[in-house]
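Me: I would like to go through this model and ask what stands behind the labels given to it. Please set each value against its cut-off.

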Amino acid sequence: MYEKIQETASWLRERMPARPTTAIILGTGLGQLASEITDTTEFPYKEIPNFPVSTVDGHAGKLIFGKLGGRDIMAMDGRFHYYEGYSMKEVTFPVRVMYELGINTLFVSNAAGGMNPSFKIGDLMIIDDHINFFPEHPLHGKNFPTGPRFPDMHEVYDKQLRDLADEIGREKGIRLMHGVYVGVQGPTFETPSEYRMYHLLGGSAVGMSTVPEVIVAHHCGMKVFGISVITDLGGFDVPVEVSHEEVQQAANASQPLMAEIFREMIRRCN
């Protein structure tokens with residue numbers, strides 16, 4: 001696997017128009033943020049050596065290099081999920097490649113089901129921490145030389161970045177919530193009882209991504225900022241049915257606010 005990571009990084013390095021240090025992973029229904037990126041050079045995943053290919057609606061499946069907030073960035077328009085049949089090594093392969101390309105700050109986004117009664121559909125939740133319910137750990141197996149065998153997990157989501165997001169939210173009048181993201185395998189949405197269980201365990205929102213990528217990024221020493229778009233609510237007295245199409249629609253409606261937060265954070269980052 002390490003040889004494939006090096007091969008992919010070398011292929012991209014020869015074609016990259018710049019050397020960004022910041023990367024973004026765009027989740028379900030959040031690909032419109034890609035239109036905010038200027039001066040772009042794009043690579044479809046299927047053209048990149050060793051890259052998996054996204055199979056989920058709402059994921060364009062391309063790697064973008066360009067500018068956001070006046071800074072050079074790298075963006076994944078579409079991610080890979082464990083429920084698609086990929087191994088954790090494949091799900092987190094792009095993050096390993098990012099590290100080899102010099103990325104030191106990672107922004108991740110996702111669509112998630114909210115379990116906090118104070119949440120509303122369309123809210124943006126800054127991820128303060130996560131709970132990992134995936135059946136396979138992304139660091140399982142031989143340890144990569146990018147980090148320790150037993151990484152400390154006390155502050156996976158960088159506090160300075162979270163504070164910066166709050167500051168920008170206050171300045172621009174954007175409602176920002178905070179909470180704990182629960183990462184699960186999927187692909188089924190949660191039952192009402194599962195929503196209630198995850199909430200009792202300390203979760204604020206639940207989704208089927210992000211946690212594996214964040215663990216690997218943290219293992220590589222990257223600073224991480226995560227945000228969830230609350231696209232549905234569950235675990236309350238009245239059960240609410242949800243579909244993938246509804247999740248995409250709710251995510252689309254919140255994209256301008258998320259784009260504003262990301263753009264301004266990247267502009268102000270060192």
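Me: How many salt bridges does the structure hold?

Reply: This is a predicted model, and the structure holds 14 salt bridges.

Me: What makes E36 and R263 a salt bridge?

Reply: The N to O distance between the side chains of E36 and R263 is 2.6 Å. The cut-off is 4 Å between a side-chain nitrogen of Lys or Arg and a carboxyl oxygen of Asp or Glu, so the pair counts. The bridge links distant parts of the chain: E36 is in the loop between β1 (22-26) and β2, and R263 is in helix α7 (residues 244-268), 227 residues apart.

Me: What is the count of aromatic pairs?

Reply: The count comes to 13 aromatic pairs.

Me: Why is the pair of F51 and F80 called edge-to-face?

Reply: The ring centres of F51 and F80 are 6.0 Å apart, within the 6.5 Å limit for a pair. Their planes stand at 75°, over 60, so the pair is edge-to-face. F51 lies in the loop between β2 (38-44) and β3 (62-68), and F80 in the loop between β4 (71-77) and α2 (88-91), so the pair ties together parts 29 residues apart in sequence.

Me: What makes F51 and F93 an edge-to-face pair?

Reply: Their centres are 6.0 Å apart and the planes are at 85°, which is over 60. F93 is in helix α3 (residues 93-100), 42 residues from F51. Y45, F51, F80, Y86 and F93 form one aromatic cluster.

Me: Why does R96 count as sitting over the ring of F144?

Reply: The charged end of R96 is 4.0 Å from the ring centre, and the distance limit is 6 Å.

Me: How do you know that the span of helix α4 agrees with its length?

Reply: At 1.5 Å a residue, the 14 residues of α4 (residues 159-172) should span 20 Å. The end C-alpha atoms are 20 Å apart, which agrees.

Me: What is found at the start of α4, and what follows α4?

Reply: At the start, a side-chain oxygen of D158 reaches to within 3.2 Å of the backbone nitrogen of Q160. After α4 comes G173, with a positive phi near 70°.

Me: Why is Y99 called partly exposed?

Reply: Y99, in helix α3, has 31% relative accessibility, between the 20% and 50% limits, and so counts as partly exposed. Leaving out residues up to four places away in sequence, Y99 touches T146, C220 and M222.

Terms used:
Residues are numbered from 1 along each chain as its sequence is written. This is a predicted model: local features need pLDDT of at least 70, side-chain atom pairs count only at pLDDT 80 or more; totals for chains, interfaces and linings use all residues. Side-chain values use heavy atoms; hydrogens and water are left out. Rings of Phe, Tyr and Trp (its six-membered ring) pair if their centres lie within 6.5 Å; planes under 30 degrees apart count as stacked, over 60 as edge-to-face and the rest as tilted. Helices (H or I, at least four residues) and strands (E, at least two) are DSSP runs, numbered from the N terminus. A charge sits over a ring if NZ of Lys or CZ of Arg is within 6 Å of the ring centre and within 35 degrees of the ring normal. The expected span of a helix is 1.5 Å times one less than its number of residues. A polar contact is a pair of N or O atoms within 3.5 Å; within protein, one must be able to donate a hydrogen and the other to accept it, and residues adjacent in sequence count only if both atoms are side-chain atoms. Buried means under 20% relative accessible area, exposed over 50%, partly exposed in between (1.4 Å probe, protein chains only). Contact means heavy atoms within 4.5 Å.
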